[in-house]
Amino acid sequence: MTSGNAAHKTILVVGGGISGLTAALEAAEVGYEVILVEKNPYLGGRVAQHHKYFPKLCSPTCGLEINFQRIRNNPRVTFHTLTEVEKVEGSAGNYQVRLRRNPRYVNDKCTACGDCAKACEVEIANPFNFGLGKLKAIHNSHDMAFPNRFVMDAEFAKTDAAKKLVAVCPVGAIEPDMQPQMVDLTVGAVIWATGWQPYDAAKIRPYGFGSNANVTTNMRFERMSSAYGPTGGKIQRPSDGQAPASVAFIQCAGSRDHNYLPFCSRICCLASMKQATYVREQYPDAQVTLFYIDLRAMDRYEAFQKKIEADPKVEWVKSKPARIEENPANKNPIVIGEDTLTGVRYRREFDLVVLATGMEPNAALQPVPAANVPTDDYGFVVNDGGGIIAVGCAAGPLDVAGAVQSGTAAALKAIQALAQVKG
Amino acid sequence: MAYNLSFARKVYKNAEMGHWIKMCMQCGVCSGSCPLGPLGAWEFGPREIFQRVRAGKEEEILGSGAMWMCTSCYNCIVRCPRGLPITHIVHGLARYAVETGKVKPTQPTARFATKVFWNNIVKTGRVGEAALSMHLYFIDGIGTGISNVLEMKDVALGMLKSKRLNPIPFRGKIKGYDGFKKMLDKAFELEKK
């Protein structure tokens, strides 16, 4: 390897989810300098919010822990949380990047002892749990957060209550006056790993999410099922906290639909089948009903589908429901549609309905701040062979395993982009 | 069983909006959204009509009352995930059934639409409600006509009172009837092409 400008050996990875983590580590472990930036106060992205992975049904915590260990042990990876990319200029081998580092209001002396949270009287809706449950305005993002450091809510930081907490901290870590910082740097390649948002279910008006308490979404259900989630892992009806005797999953809620997301997110069928196992494990008598247009158990996942199909308490209805009403007496959602195998129109009441919403690319909501980065019709970033390389769900909907593979591939693409410039 | 696409191809080519049927993915949202579904009013919902067109069920579909039940509420168009103009396709199929002579002569909506309503509006350029209802009631002769009139007289009087029924049977042609006629002639000319 020829030695050039240090920038030629530096790769910027934008997004600290599973794709970005993988890309950063794969590149760093073969000798490249990597700067990893993440918008949230913690690394791990969407994977950190999951209760279990499919198809092995294990917790994502151990997989993330391994990656965090690799970061700790690798001096070539520098990471910044609460950091966004303001702009990228230049070309492969020589990108000028401006980062905006948003204040955490807690410096790196923090030991995560929790004294500040105990003293704090203000609570906010928990963003990690999609607003389900409350947490203190100064908090650790979640139990397994990496870095294990507290963070203060930006609105709360402006208040006098925040200033009073400064004296509570035994190590002097709280700084409500902390300001955003702009950081300019030069890198040789940029890996864009900004992932996805769950599609906003409130936009699917006929399904009544937001007005009907017992209509929830798959990511909220994931948090509800997690032992670290808002209910401590108890699956319950949001309206009254009761255990559901019947749970319906509605596939393609806001997906494959020109009114909403026109594409298939590839993971929702398996995710709902996985979530069916959560219900069936917790409530052996509960009935699960899956409404689907057609099942898309991609790749090798058909075996998982066969396993769920063997459960007599899981019913499959080939139908995209037309709408959901609410029974005013018990707040049960009533799902209305046509069973397309029989032609029979149904009107069925459930205790809980889970909408399997798809992936909206973050790059569509917050475009890559660089010139000439192509995106497809849906806002996913298209790789055009340049030095800005899209990876994981920034490039297209993927499951976790696919995102890891994509991360490794992106590391190689970034290294190739650097090598071409060095000539 | 072999696929027979000959009927489907005829529909794609000749029925207005018929080519859209190709785009249907059989999700069932249209049939689930149709307000007539819970009434059990139709033989087939829109999804099933499209499925049967593809399956080559020519006589069954064109002879059915399914397309004639549509009230043009547009629920299906609004919700269809693939953007099919379902209401228009269904009307297109109804018209195709008339053109091909496959519509059952007893189909009440077809009789009303293609004979009573059409003749009424073409003659003067406006709907003459009194003549329209008389024509409809007596469509099967004097005997049934009288019993129809007796049956509907309270409804008719109510509509008269609330000014929803113009009692004058023949009100003459609309202003600019010639232009209206020209438009119709042009439409017929275009359709022949």
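The domain assignment of chain A gives three parts: domain 1 (6-102 + 180-197 + 360-422), domain 2 (115-165) and domain 3 (200-357). These bounds come from an automatic or database domain assignment. Please note that this is a predicted model, in which local features need pLDDT of at least 70 and side-chain atom pairs count only at pLDDT 80 or more, while totals for chains, interfaces and linings use all residues. Residues are numbered from 1 along each chain as its sequence is written, and chains are lettered from A and ligands numbered from 1 in the order in which they are written.

The centres of domain 2 and domain 3 of chain A, taken over C-alpha atoms, are separated by 32 Å. Seven residues of domain 2 of chain A are in contact with seven residues of domain 3 of chain A, where contact means that the C-beta atoms of two residues, placed from the backbone, lie within 7 Å. On the domain 2 side, the touching residues divide into two nonpolar, four polar and one charged. Here Ala, Val, Leu, Ile, Met, Phe, Trp, Tyr, Cys and Pro count as nonpolar, Asp, Glu, Lys and Arg as charged, and the others, Gly among them, as polar.

I turn now to strand β20 of chain A, residues 352-357. Helices (H or I, at least four residues) and strands (E, at least two) are DSSP runs, numbered from the N terminus. Six of the six residues of β20(A) are buried. A residue is buried if 20 or more other C-beta atoms lie within 10 Å of its own, exposed if 12 or fewer, and partly exposed in between, with C-beta atoms placed from the backbone. One side of the strand carries Leu352(A), Val354(A) and Ala356(A), the other Val353(A), Leu355(A) and Thr357(A), and both faces are covered.

Opposite Val353(A) stand Val215(A) and Ala248(A).

Why is Val354(A) classed as buried? The reason is that 30 other C-beta atoms lie within 10 Å. Beyond its neighbours within four places in sequence, Val354(A) has contacts that include Thr216(A), Phe221(A) and Phe249(A). For Val353(A), with the neighbours within four places left aside, the contacts include Ile250(A), Ile324(A) and Pro333(A).

The next topic is the nonpolar core, a set of buried Ala, Val, Leu, Ile, Met, Phe, Trp, Tyr and Cys residues joined through C-beta atoms within 7 Å. The largest core has 75 residues, of which Val353(A), Leu355(A), Ile49(B), Met67(B) and Leu93(B) touch the most other members. Helix α8 (residues 268-282) of chain A gives the most to this core, with eight residues. A second, separate core of 58 residues includes Ile35(A), Val77(A), Val88(A) and Phe380(A).

Finally, the two chains. In all, 17 residues of chain B are in contact with 17 residues of chain A. On the chain B side, α2 (29-33) and α3 (46-54) each supply at least two residues, and α2(B) gives the most, with four residues. The residues on that side divide into five nonpolar, eight polar and four charged.

Definitions and conventions
Two strands pair if DSSP finds at least two bridges between them.
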